[in-house]
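The following note concerns the ligand site and the aromatic contacts of the model. Please read the numbered points alongside the structure.

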Amino acid sequence: MRGHAIRAEPATTPRDEPLCSRCDAVCCRLTVVLMPEDRVPRHLVARNDHGVEVMARDEEGWCAAVDPLHMRCSIYEDRPVICRRFAMGAPYCLDIRATYREERRRGIPLTLY
Ligand code: SF4
């Protein structure tokens, strides 16, 4: 009787393939505009220059809800609508990852949007 074949992971994967194990969480540095239905703790909310409520960010540009110790969202169950709609590996994700990689390669500080 033959056993199940175990498929080994490839030693390398395409550079632009999103993997949780090497995600730079660039999306958690983008501006997150809050919707009326969002229920985010008030200490994590800021207003931008136009008076719009957004997720607050720290001095390095990370969303204030990022748990820096574990590099994950500390309010995942209650994360904003925009975050819920962000699809890992979708065109927008791939685009901002590519821009981030290119800016790092060229030594350009990350631009916040
Ligand atoms: S609320 Fe959570 S998922 Fe949304 S940007 Fe902040 S850390 Fe990321």
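1. On a 1 Å grid over the protein atoms alone, a pocket is an open set of points where a 1.4 Å probe fits, with protein on both sides within 12 Å along at least five of seven lines; lining residues have an atom within 4 Å of a point. The model is predicted: local features need pLDDT of at least 70 and side-chain atom pairs pLDDT 80 or more, while totals for chains, interfaces and linings use all residues. Residues are numbered from 1 along each chain as its sequence is written, and side-chain values use heavy atoms, without hydrogens and water.

2. The largest pocket is lined by 38 residues, with Cys23, Ala25, Val26, Cys27 and Cys28 nearest its centre. By class, 28 of the lining residues are nonpolar, one is polar and nine are charged (nonpolar: Ala, Val, Leu, Ile, Met, Phe, Trp, Tyr, Cys and Pro; charged: Asp, Glu, Lys and Arg; polar: the others, Gly among them).

3. The ligand sits in this largest pocket, meaning that more than half of its atoms lie within 2 Å of the grid points. Around the ligand are Cys28, Val32, Met55, Cys63, Ala65, Val66, Cys73, Ile75, Pro80 and Cys83, each with a heavy atom within 4 Å of it. This shell comprises ten nonpolar residues, no polar and no charged ones.

4. Arg79 lies over the face of Tyr76, at 3.8 Å from the ring centre (criterion: NZ of Lys or CZ of Arg within 6 Å of the ring centre and within 35 degrees of the ring normal).
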